[in-house]
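Subject: Structure for you to look through

Dear colleague,

I am handing over a structure that I would like you to open beside this email. Please look through it slowly first, and then read on for what was found in it.

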Amino acid sequence: MDYFLELFLSGLTRGSIYALIALGYTMVYGIIQLINFAHGEIYMIGAFVALVVSGVMTIYGFSGVSILILAALIAIIYSAAYGYTLEKIAYRPLRNAPRLSALISAIGMSLFLQNYVLLAQTADYMPFPELVPEFAFMEPIAHIMGSAELVILITSAVTMIGLTLLIKYTRIGKAMRATQQDMVMARLTGINVDRVISVTFVIGSVLAAIAGVLVGSYIGQINYFIGFMAGVKAFTAAVLGGIGNIPGAALGGLVLGLAEAMAAGYISSAYEDVFAFGVLVLILILRPSGLLGKAVKQKV
Amino acid sequence: MAMLSYLKSSSIAAVWFVFLTFPLMVVKVNTLKNTVEWRWMNMLWVAIGAFILSAVWRWAMQRKARGSGNKEQEVSGVDSKPSLGQRLLEDPKLNRPVLGVVVVLALLMPWISEMYQVTIWVFALIYVVLGLGLNITVGLAGLLDLGYVAFFGVGAYTYAILNTRFGLDFWVCLPIGGLTGALVGVLLGFPILRLRGDYLAIVTLGFGSIAKIVYENWEGVFNGAKGIEKIARPGFFGVEMDISAATTFTYYLMLVIVVFTIFVTNRLKDSRIGRAWMALREDEIACVAMGVDMAKTKLGAYALGAFWAGLVGVIFASQTTYINPASFDFMLSAIVLSMVVLGGMGSIVGVVIAALVLNLLPEYLRAFEDYRMLVFGAVMVLMMLFRPQGLVANVRKTYTHGKVRAEEANG
Amino acid sequence: MAEKARKLLEVTELTMDFGGLRAVDSITLEVCSGEIVALIGPNGAGKTTFFNCVTGIYKPTRGEILVHPPKQKTQKINGFKPNRVTAMGMARTFQNIRLFQNMTVLENVMIGRHCRTTTNIIGAILRGRNTNRQERETIDRSYELLEKVGLVNFADEFAKNLPYGAQRRLEIARAMATDPFLLLLDEPAAGMNPQETKALDELIVRIKDTENISILLIEHDMKLVMNISERIYVMEYGKKIAQGSPQEIRSNPKVIEAYLGEGGDDA
């Protein structure tokens, strides 16, 4: 039973991370129908910035929670900046181009960012400091769930609740929903669509950065390539839940995380990644609209 | 003054990019020695680079905005004024001598360079064929296949297994590799017939990645991450060749295959099936409504594209004599895709040129080897922004009507 | 010489539901050989959906679509894929023009010949005598069709560069290339000025008379409809509300009411 609980919580933890990243994919797709291939790289960059900041701070004598907070904050700022720049350079000029062009541009940016970090920071796996302290009260259940997992779960939950509130109750949230439904009408009602799209990218990047900091701290090491796998899995989660659907991305993330953890724990961990890809392929073939999405019939 | 606004925006860009790249380009933490390395020179490079590039960017964007008055620049668009490149292609007075020089150089190459060079060219030609193969699937039929590497791996592993385990000859395995590739192409294409655009891209990406993971983990068949070694080089009527001779032989073989591929692809392009592929790419619903069988046509595109990958997969294995799953990752699919995009979707000459350029430049500019993938990525983005139709734009064929032919025949 | 009019298309109680929405409700309709039949109705009446059911883009929820190809067995075509329907002899044009934009005008028409030719991949590579002959025939036939619709001079032009009215005519030529016995035209006159509409008028009648192709057309331009149709069906909210000759329809109170405020002043 303990083993199951351990797997379950590990699955939830994974799932939360996937959900955080998946939200970025789903929001962008919902608004401009583009798979932001480079989103995984934003996550990776967030982790790297946190690594650098915490590394510098440690060397200059800081310690404790202040590192975590500052590193996370700066990582968030930088990811947001990268997300914003990415949209401005590689996607905005192609807004009216055929979808294929934007997709290829996205792939190109993904390659570019990966290799940029590779060149700037080498291919080595960089050890990531443990930013999250061990809480004493966790000790009794330490064999099932660690402090890091707890922090991840709580942070993810808080973040997603925050996002939901933002989308539902703020002006910018309404503007985002309007633009997603009908971009032309939104523009006609005075919404600055360019700004809304930028904000969407920024929010997605912020979430990815949070995920990056959490994962880096949890796993203990990062390198330039972690964005690719995480990106594909998070995209799987987004599609699983119904691309464009925000609660769907969260749900998809959790389901995928749990399924992966169970499969890895009870079957074999080697084929873990195949599992995720397999789910992706099956969903897209059998039920492309995902768990919570609506099947949209194309008007002929 | 326009110059002033350029200066201003370029300065802002420079500052922004210095800020953006600061933590990664300037700071380098060494956790072993517990030191921080501050690479200020990088900051200077970024600032200068961003300043210049930003000015160029603005100029290019403005030029693009002016040019978009003529509805030409689309992914498969056409140039109304024939450029130098176009004239080079079409005018026999120009293209025959050029072609002649190219042919002579190609044939003489192994005799005037060392084996190392020949090896580079063998791989470059392999990439050319890969590009031409993907050109059928993506360029002609518009099926965005991001898992093309899977077929390449299928061909390579087919030869590796058949050769090391069953002793089958290279020449026997060559067509088998191609056909196996085509078969896998059909098998994988079947479940994705109804997918389009982004979803198709992602699923094929998934296929390619799954293939690699299977190679890595299925020890029994593929020997896992250890790979398969001691694969035989191609033989020439039973004559054993050393590395140098075998490489030269492979080089000439690749030349033949490239010519063959160009020949076949060209014929396919200007045929009933070629037109069906293009119509499918342009508007699938209308295409089907005009009587084209979507399933057969799409599967044909997958199979034909995959065939070439499988074919040169065999050659790849025979050349390196050792293969492992690491060679068959998404990067390769991305590289081949960028060749097709850069060359101009559907254009044979364009893809050949792009493949050669993208593969040979990094080899000959060894200093920039590390930047290869970076450049690929940037090239893909820039091409989509400024020249989506590729190096060689789509020039459609003109046909002569029967009546006109008869008139010409009668003089 | 009197020919007994034989049915070509016989649709019985066709119904199409999209989830909770009933777009087409029990439509019964038929087209006989040598006829021009019109399907009219206010926007959103379900006319294009009806076309889509008949041509295989949707599978109808209920009802029967029977096709009686000349010299062949009668077939029920519910759920047939569109290419199969076209191969049987029913071709269509689209309400929103769906040409192959980056192919030439001639090539667009040549695609129509696809289902009437057989060259496969091997043939394309080897270019035997058969292949070359079929290719020549395809080219020649396509040119002829372009002549018939008056687009011969644009043959090597990209379809996307054509003026709007020419694009609509190209769609018709492309559909004709499939050698249909029945042509389904979805708003062929949409967006055309009066001269273009008159030319289209003559073209459609010419097609019926000289090519022996029957026509079922959806149209909003009442002048065109009244001029060339022999019979008219009227749809509203998915249901058939009237059918008959142009005169009967013109004076039918239900039809007038359906169009009230729609501007049927050209009738």
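How many of the 16 residues of helix 9 of chain A are buried? Before the answer, please note that this is a predicted model, in which local features need pLDDT of at least 70 and side-chain atom pairs count only at pLDDT 80 or more, whereas totals for chains, interfaces and linings use all residues. Residues are numbered from 1 along each chain as its sequence is written, while chains are lettered from A and ligands numbered from 1 in the order in which they are written.

The answer is that 15 of the 16 are buried, so helix 9 of chain A is largely enclosed by the rest of the structure. A residue is called buried if 20 or more other C-beta atoms lie within 10 Å of its own, exposed if 12 or fewer do, and partly exposed in between, with the C-beta atoms placed from the backbone. Helices (H or I, at least four residues) and strands (E, at least two) are DSSP runs, numbered from the N terminus. Helix 9 of chain A covers residues 226-241 and reaches 23 Å from its first C-alpha to its last, close to the 22 Å expected at 1.5 Å a residue, where the expected span is 1.5 Å times one less than the number of residues. After this helix comes A:Gly242, which has a positive phi, near 110 degrees.

Chain A also meets chain B, with 48 residues of chain A in contact with 43 residues of chain B; a contact requires the C-beta atoms of two residues, placed from the backbone, to lie within 7 Å. On the chain A side, helix 4 of chain A gives the most, with 17 residues.

Turning to chain B, there are 17 helices and four strands. Its radius of gyration is 24 Å, close to the 22 Å that the globule rule gives for 411 residues, so chain B is as compact as a globular protein of that length; the radius is taken over C-alpha atoms, and the rule is 2.2 Å times the number of residues to the power 0.38. Chain B is divided into domain 1 (9-62) and domain 2 (89-386), bounds that come from an automatic or database domain assignment, and the centres of these two domains, taken over C-alpha atoms, are separated by 37 Å.

Finally, chain C has 10 helices and 10 strands, and 48% of its 267 residues count as buried. Chain C holds an open sheet of four strands in the order 2-1-4-5, with antiparallel pairing, and the edge strands, which each pair on one side only, are strand 2 (21-32) and strand 5 (75-76) of chain C. Eight bridges join strand 1 (residues 7-18) of chain C to strand 2 of chain C, and C:Glu10 stands opposite C:Glu30 in strand 2 of chain C.

With best wishes

Notes
Pairing = 2+ DSSP bridges.
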